Amino acid sequence: MKTSLFSLVFLFFSLAQGLNPKCDIQDHGSNLQVFHIYSPCSPFKPSKPLSWEEDVLQMQAKDQARLQYLSSLVAKKSVVPIASGRQIVQSPTYIVRAKIGTPPQTMLMAMDNSNDAAWIPCTGCLGCSSTVFDNAISTTFKTLDCQAAQCKQAPNPTCGGSACVFNMTYGGSSIAANLSQDTITLATDPVPDYTFGCLQKTTGNSVPPQGLLGLGRGPLSLLSQTQDLYQSTFSYCLPSFRSLNFSGSLRLGPVGQPLRIKFTPLLKNPRRPSLYFVNLIGIRVGRKIVDIPPGAIAFNPTTGAGTIIDSGTVFTRLVAPAYIAVRDEFRRRVNIANVTSLGGFDTCYSVPIVAPTVTFMLAGMNVTLPEDNLLIHSTAGSITCLAMASAPDNVNSVLNVIANMQQQNHRILFDVPNSRLGVSRELCT
């Protein structure tokens, strides 16, 4: 990787001088463009570029909050992590355009496949960003009352007067929202009476500024609400941080999905049925299958243990016995004595390395990660780190999380009716 993963300053200057991606291209059919938050098309990119070290540490801190949140979902308890030492500004990793209401108002919503309910900041929201949905001018907007069937499907519903209100934690934040309905238009597909949370109050820094589109499997998710339209099928291709175009795609419905693709079964965990569990049966570093205790990666619906595919975590996290086995074999293959660390990354080098591939061995298929999905490089190229880590000690996590850096430049297909997940290599630009 000659171009730094975090050389955002160089990329921004280059893009400003005539290499701008086509931010104004309209979504078409059932395909939405997917932008990284650092894309020139994104209003969420940092106003003042961080140093490489600050950037890495901040992304790790964001991941830590995310992992605590995912662990709380499996444990069915609320956890609001506390950031120690410094203020952590969090934002979604990938965003898509959606149009809400009549007349339509465009919002850049975070794409999250580990969440169900959508939510959008509405007029008068306390703690929300300056860009909000003005529900008062939408002629198709309505607030649902406590007798609505959807109220029972919302997380932690209560009655706020006549309105159905739900409260939940997200990452390091808490939200309160009125359960509402309006037309949402995705690419050129209008979805009338879409149920979502109209945010009234938020605390913390984890709430996506312009809302969230839930791609989980629960009753209020996009898949459940558009079953007739999209048949509970979608795929995404996440663009690499290094892509000058910075645009991937979210493809909704079975039409246009790849025909040549390998599948692994999707597993369902009754403790958290919304998450996309897969059966990770082993990990290979180079040609060697590393020695991992079977219990470290086994799917266990009783405890919630197993492996999920998550679009919101940046760097893959493995439970300690699995990570240590992968890390030790990686170091052995690289065969350079001087190993350093950076934040949560404990396998970094200050000299050029030749990295072995890492293969996730899933039931029915293998996914081999090339160097671009494995290594991060400092701006000057002087430091290279293995872009995986052990699950944080304070999370008490039983989850292995295959994160978005390891998914970049792959088409990930979620075929829920057939309970299978497909993966194929694709240049996501």
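1. A disulfide joins C146 to C159, with an S to S distance of 1.9 Å. The model is predicted. This pair links distant parts of the chain, 13 residues apart. C146 sits in the loop between β5 (142–143) and β6 (157–160). C159 is in strand β6 itself.

2. The two ends of that bond sit in unlike surroundings. C146 has a relative accessible area of 15%, and buried means under 20%, so C146 counts as buried. C159 comes out at 53%. The cut-off for exposed is over 50%, so C159 counts as exposed.

3. How many disulfides does a search of the whole structure find? The search gives six. Two others are taken up below.

4. C237 and C428 form a disulfide, with their sulfur atoms 1.6 Å apart. The link is left-handed, at -60° about the S-S bond. C237 lies in strand β11 (residues 233–237), and C428 lies in the segment after β28 (420–425). The pair therefore ties together parts that are 191 residues apart in sequence.

5. Are C237 and C428 buried or exposed? C237 is buried, at 1% relative accessibility. C428 is buried too, at 3%.

6. C348 and C385 form a disulfide as well, and here the sulfur atoms are 2.1 Å apart. The torsion about the S-S bond is about 105°, so this disulfide is right-handed. C348 belongs to strand β20 (residues 345–349) and C385 to strand β24 (residues 384–386), so the bond ties together parts 37 residues apart in sequence. Both C348 and C385 are buried.

7. Now the sheet. Four strands form an open sheet in the order β16-β15-β21-β22, with antiparallel pairing. Which strands stand at the edges? They are β16 (288–289) and β22 (365–369). Each has a single partner strand, so one side of each is left without a neighbour in the sheet.

8. Look at the β21 and β22 end. Strand β21 (residues 358–362) pairs with β22 in the antiparallel sense, over five bridges. For a landmark, find T359: this residue stands opposite T368 in β22.

9. At the other end of the order, what lies across β15 (280–285) and β16? Helix α6 (residues 320–334) does. The helix runs at about 20° to β15.

Definitions and conventions
Residues are numbered from 1 along each chain as its sequence is written. This is a predicted model: local features need pLDDT of at least 70, side-chain atom pairs count only at pLDDT 80 or more; totals for chains, interfaces and linings use all residues. Side-chain values use heavy atoms; hydrogens and water are left out. Two strands pair if DSSP finds at least two bridges between them. Helices (H or I, at least four residues) and strands (E, at least two) are DSSP runs, numbered from the N terminus. Contact means heavy atoms within 4.5 Å. Axes are lines fitted to C-alpha atoms, for helices over the stretch in contact, and angles run from 0 to 180 degrees between N-to-C directions. A disulfide is a pair of cysteine sulfur atoms within 2.5 Å. Buried means under 20% relative accessible area, exposed over 50%, partly exposed in between (1.4 Å probe, protein chains only).
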